[in-house]
Every structure is written in structure tokens, then in C-alpha cells.
Amino acid sequence: MALFDLLGRSWAQGIIWQLAPAPLTFRKLQQACDDVSPTVLNRRLGELREAGFVEHLGQGYGLTPLGQDLFKQMQPLDAFSHRWADAVQAKESSVIPSK
């Protein structure tokens with residue numbers, strides 16, 4: 001449950017997603033996360049570092065090996081979320097508005 005609590009916090013999953021391809025500086029990470037506030041970004045980075053998923057690399061932040069493993073585990077959920085969104089959209093499109 002602790003993992004779900006951490007990943008359910010605002011921007012936690014987004015940070016992991018943005019750092020998966022390559023490390024980013026704080027500013028580049030903030031921009032990649034739709035200009036999340038510095039306060040929230042600092043808080044999440046601290047929590048993710050404490051959990052062992054993110055590390056500070058001197059010039060920026062990157063995923064640890066454990067963080068990379070977590071990202072790999074999240075990818076099937078990404079695929080599912082796209083299928084779910086398509087299903088919801090199809091359902092909404094099939095509803096005929098009443099007059």
C-alpha cells in the first residue's frame with residue numbers, strides 16, 4: 001500500500017515517466033511536467049529519492065535501477081489506460097443525445 005500511496009501523489013508517476021528515457025535537470029524536468037510548481041517538484045523528488053527510485057546525479061535527476069524497474073512495471077498500465085480511454089470514448093460516441 002505504501003507504493004500506491006507514493007505513486008498516487010501528484011506528479012510522482014509523471015516524474016518517473018519523464019526521467020525514464022534520460023536524466024534531466026530540475027528545470028527541464030519541471031518543463032516536461034507542464035511547469036509543475038517548484039515546491040511540488042522538490043517534494044516529490046525528495047520522496048522518490050527516499051524511496052530509492054530517483055537519484056541526484058550532480059547535474060540533474062535520473063532513475064535508479066529500481067526506478068527503471070518500476071517504470072517497466074508501469075508500462076502495461078499505460079497500454080491499458082489507452083484501451084480504457086478508447087472504450088470510454090466509444091461509449092460516449094454511441095450515446096444519442098435526447099431532444
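Buried residues are those under 20% relative accessible area, exposed ones are over 50%, and partly exposed ones fall in between, with a 1.4 Å probe and protein chains only. The model is predicted, so local features need pLDDT of at least 70 and side-chain atom pairs count only at pLDDT 80 or more, while totals for chains, interfaces and linings use all residues. Residues are numbered from 1 along each chain as its sequence is written, and side-chain values use heavy atoms, with hydrogens and water left out.

View 1. Q30 counts as buried because its relative accessibility is 8%. Its side chain makes a polar contact of 2.7 Å with the side chain of R27. A polar contact is a pair of N or O atoms within 3.5 Å; within protein, one must be able to donate a hydrogen and the other to accept it, and residues adjacent in sequence count only if both atoms are side-chain atoms. The side chain of Q30 also reaches the backbone oxygen of V36, at 2.8 Å. With neighbours within four places in sequence left aside, Q30 is in contact (heavy atoms within 4.5 Å) with D35, V36, S37, P38 and L41.

**View 2. T64 in the loop between β2 and α5.** Strand β2 covers 61-63 and helix α5 covers 65-94, with T64 in the loop between them. T64 has a relative accessible area of 11% and is therefore buried. Not counting residues up to four places away in sequence, T64 touches G52, F53, V54 and E55.

**View 3. A network of salt bridges linking D5, R9, R44 and E47.** A salt bridge is a side-chain nitrogen of Lys or Arg within 4 Å of a carboxyl oxygen of Asp or Glu, and the whole structure holds 4 of them. D5 is bridged to R9, with the closest N and O atoms 2.5 Å apart. Both residues are partly exposed: D5 has a relative accessible area of 43%, and R9 has one of 30%. R9 also forms a salt bridge with E47, where the closest N and O atoms are 3.3 Å apart. This pair links distant parts of the chain, 38 residues apart: R9 is in the loop between α1 (2-7) and α2 (12-19), and E47 is in helix α4 (residues 38-50). E47 is bridged in turn to R44, the closest N and O atoms being 3.0 Å apart. R44 and E47 both belong to helix α4 and are 3 residues apart, about one turn of the helix. R44 is buried, since its relative accessible area is 9%.

**View 4. The aromatic pair of W17 and F71.** Rings of Phe, Tyr and Trp (its six-membered ring) pair if their centres lie within 6.5 Å; planes under 30 degrees apart count as stacked, over 60 as edge-to-face and the rest as tilted. By this rule the structure has 1 aromatic pair. W17 and F71 form this edge-to-face pair, at 4.8 Å centre to centre and with 65 degrees between the planes. W17 is in helix α2 and F71 in helix α5, so the pair ties together parts 54 residues apart in sequence. W17 is partly exposed at 32% relative accessibility, whereas F71 is buried at 12%.

Key
Helices (H or I, at least four residues) and strands (E, at least two) are DSSP runs, numbered from the N terminus.
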